[in-house]
Amino acid sequence: MARHIGILTSGGDCPGLNAAIRGTGKAISEAGMDLIGFRDGFRGLVHDRTFTLDQHLLSGILTLGGTILGTSRDKPHKMPIGDKVMDMTRVIVETYRKHNLDALVCIGGGGTQKNAYRLLKAGLNIVTMPKTIDNDIAHTDMTIGFDTALGIAVEAIDRLHSTATSHHRIIVVEVMGHRAGWLALGAGMAGGADIILIPEIAYDIQKVANAINDRTHAGKRFSIVVVAEGAMSKDDAKIISLLLREKADKKSDVARISEKLNQFHQAHVNHTMNLTSQLEKLTGLESRLTILGHLQRGGTPSAADRILATNLGTVCATLLKKKEYGVMISVRGNTLVPVNLKDVAGKKKLVPRDHPWIESAKLVGTCFGD
Ligand code: F6P
């Protein structure tokens, strides 16, 4: 049986991380193992910043937002150290050995799964759990944090409905999700949005404006437009796919194209603001923009996230007891199953065009701008 376990949270925080740390810690202790926490993601292993997660520390954190361990987006192989960026994999392996760890538990999103896989290849025993409000990790139906963020976004849309109605305005709501549309799609559906724009379906601005004008002609005097932060017009989607195709070409100048892609994504930050003013011009209706941003990552986790995180933590302890490593614990319907980290690393779960949520939304008249 494994005895000494390390744990860290990495990537963007979200509600439910503490519930997962608590679930893992309590079940690990029941099984006779001990747990040390590494602070601020993989950086904690580089600088050997730890604390012992005893029963006292694990108590009272189930409902707490954020992560008591702290987090960062630092990657083991590209870690900013002073004014340099260095590969710190070897140092991480040394810290792991110094603490006589039998395994390291990494709770994180897509980037974390990739980094954890790197450490697995460097010889560490790894078990991971999926967390991200984006719900875009491959091979899992659900991630810690998604349900809470969805609830927050839906509540915001509900509140925006009444002010949109009173002022007869278009209210555009930008929802997080990185390059995936799960959060915008779910929040848009549950919030009864009239238009939902997601990265997986490139939109035509004129079609969006037409849908709003149709509502006006039908006597509806307001519209709610939910926009995923990664949503793109058809023109922008063409530019991106050209650049990606060029990048994939073996003869291409990868650095130049990566720089171009970078510039594109930086400019995209103002996308929803521009969309809002374009809609105002095209429809003649007063428009306002609300960006929900990091509100979606804050506060107490929903009941569903607490249950998911606790279950993931206890399954994690069971796997560690059996010395089953190299896996991410994934959600498949009502069950939790280990999947090979190698199959998860570097992949993304986007919304399929034929997903039932899209079909239902279209059947109740929601416009996707396509
Ligand atoms: O991955 C979670 C997420 O909130 C994304 O939805 C968003 O694009 C990103 O993190 C924001 O990251 P940061 O907190 O580093 O600005």
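Tutor: A pocket here is an open set of points on a 1 Å grid over the protein atoms alone, where a 1.4 Å probe fits, with protein on both sides within 12 Å along at least five of seven lines; a lining residue has an atom within 4 Å of a point. The model is predicted: local features need pLDDT of at least 70 and side-chain atom pairs count only at pLDDT 80 or more, while totals for chains, interfaces and linings use all residues. Numbering starts from 1 along each chain as its sequence is written, and side-chain values use heavy atoms, with hydrogens and water left out.

The second largest pocket is lined by Glu 174, His 178, Arg 179, Glu 229, Gly 230, Met 232, His 265, His 268, Val 269, His 271 and Thr 272. Its volume is about 300 Å³, a volume being the space filled by probe spheres set on grid points joined across faces, edges and corners. By class, two of these residues are nonpolar, six polar and three charged; Ala, Val, Leu, Ile, Met, Phe, Trp, Tyr, Cys and Pro count as nonpolar, Asp, Glu, Lys and Arg as charged, and the others, Gly among them, as polar.

The largest pocket holds about 1600 Å³ of space. Its lining takes in 47 residues, and those nearest the centre are Gly 111, Lys 114, His 178, Arg 179 and Lys 348. Two or more lining residues come from each of α5 (110-121), α9 (234-248) and α10 (254-267), and α5 gives the largest share, six residues. Helices (H or I, at least four residues) and strands (E, at least two) are DSSP runs numbered from the N terminus. The lining divides into 11 nonpolar, 19 polar and 17 charged residues.

The bounds come from an automatic or database domain assignment. Taken over C-alpha atoms, the two domain centres are 32 Å apart. Nine residues of domain 1 and eight residues of domain 2 take part in the contact, which means heavy atoms within 4.5 Å.

Three bridges join β9 to β10 (residues 223-228) in the parallel sense, with Ile 195 partnered by Val 225 of β10.

Another open sheet has seven strands in the order β3-β2-β1-β6-β7-β12-β13, and its pairing is mixed. Here β3 (50-52) and β13 (335-340) stand at the edges with a single partner strand each, so one side of each is left without a neighbour. The twist from one strand to the next averages 30 degrees. Strands β1 (residues 4-10) and β6 (residues 103-108) pair in the parallel sense over six bridges, and Ile 7 has Val 105 of β6 as its bridge partner. By contrast, β12 and β13 run antiparallel, joined by six bridges, and Ser 330 stands opposite Val 337 in β13. These two strands form a hairpin with two residues between them, and Gly 333 in the turn has a positive phi of about 60 degrees. Helix α12 (residues 303-321) lies across β1, β6, β7 (126-130), β12 (327-332) and β13, running at about 165 degrees to β7.

Technical notes
Two strands pair if DSSP finds at least two bridges between them. Axes are lines fitted to C-alpha atoms, for helices over the stretch in contact, and angles run from 0 to 180 degrees between N-to-C directions.
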